[in-house]
Amino acid sequence: MHRGWHGPGSRGGRGPGRGGWQQADLPGAEDAAAWLQGRLPGGWFVGAPEVTVDREEILIVGELPLLEGEFADTESGRADRAAAVAGRISRFRESTREERIEIARQAEHRYQRKVAWGARLGDAVELFTVASVPVMTRLRQPERIVLDTLVDSGVARSRSDALAWAVRLVGQHADEWLSELREAMAKVDELRTKGPTGNDVA
């Protein structure tokens, strides 16, 4: 899953001179998690959902109530539990479809980003129709060889799939470092807003 800016600290739409990696004309999404917490029906999730925001998408993943009943710690019991979890997530997806579409429409109008949904139940997470966004990049031969090795070995189906796999791997193993980097970027933004402007020069 993509790891963006979580919860009330989510950032989006930073203008020119404040991080060129984000589009200048996007509205801010700092309040997306709070807006969704107020907009979502109270009985859908256990607690507030996890909200991840980037330039293209808002991903909402909520925790579903635990399953009722016991499942034996055997191969068949674990299989039954997995089937029950899949069925519970499927029921949530189908029963909330129309209302999720309406909430997504309102959020897309407010934040100018696509909205995707997901549900978590225990260790199982299922995402519903998340966006797949093309990203342009230029790679030198050593980097291309890495991607081709992943393709030739069957780890990935194509170079683009191999690149996505590599990004996911980095995200999994560098989560702490990425979190520190995001915090540092937020502090830089705060310092920029406090800094002098051209109007202050005599």
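Student: Is glutamine 112 buried, partly exposed or exposed, and why?

Tutor: Buried means under 20% relative accessible area, exposed means over 50%, and partly exposed lies in between (1.4 Å probe, protein chains only). Glutamine 112 has 49% relative accessibility, so it counts as partly exposed. Keep in mind that this is a predicted model, where local features need pLDDT of at least 70, side-chain atom pairs count only at pLDDT 80 or more, and totals for chains, interfaces and linings use all residues. Residues are numbered from 1 along each chain as its sequence is written, and side-chain values use heavy atoms, leaving out hydrogens and water.

Student: Where is glutamine 112 found?

Tutor: Helices (H or I, at least four residues) and strands (E, at least two) are DSSP runs, numbered from the N terminus. Glutamine 112 sits in the loop between α3 (97-111) and β4 (114-121).

Student: What is phi of glutamine 112 near?

Tutor: Most residues other than glycine have a negative phi. Here, phi of glutamine 112 is near 55°, a positive value.

Student: How many aromatic pairs does the structure hold?

Tutor: Rings of Phe, Tyr and Trp (its six-membered ring) pair if their centres lie within 6.5 Å; planes under 30 degrees apart count as stacked, over 60 as edge-to-face and the rest as tilted. The structure holds five such pairs. One of them joins tryptophan 44 and phenylalanine 45: centres 6.1 Å apart and planes at 75°, so edge-to-face.

Student: Why is the pair of phenylalanine 45 and phenylalanine 92 tilted?

Tutor: Their ring centres are 5.3 Å apart and their planes at 50°, so the pair is tilted. Phenylalanine 92 is buried, at 4% relative accessibility.
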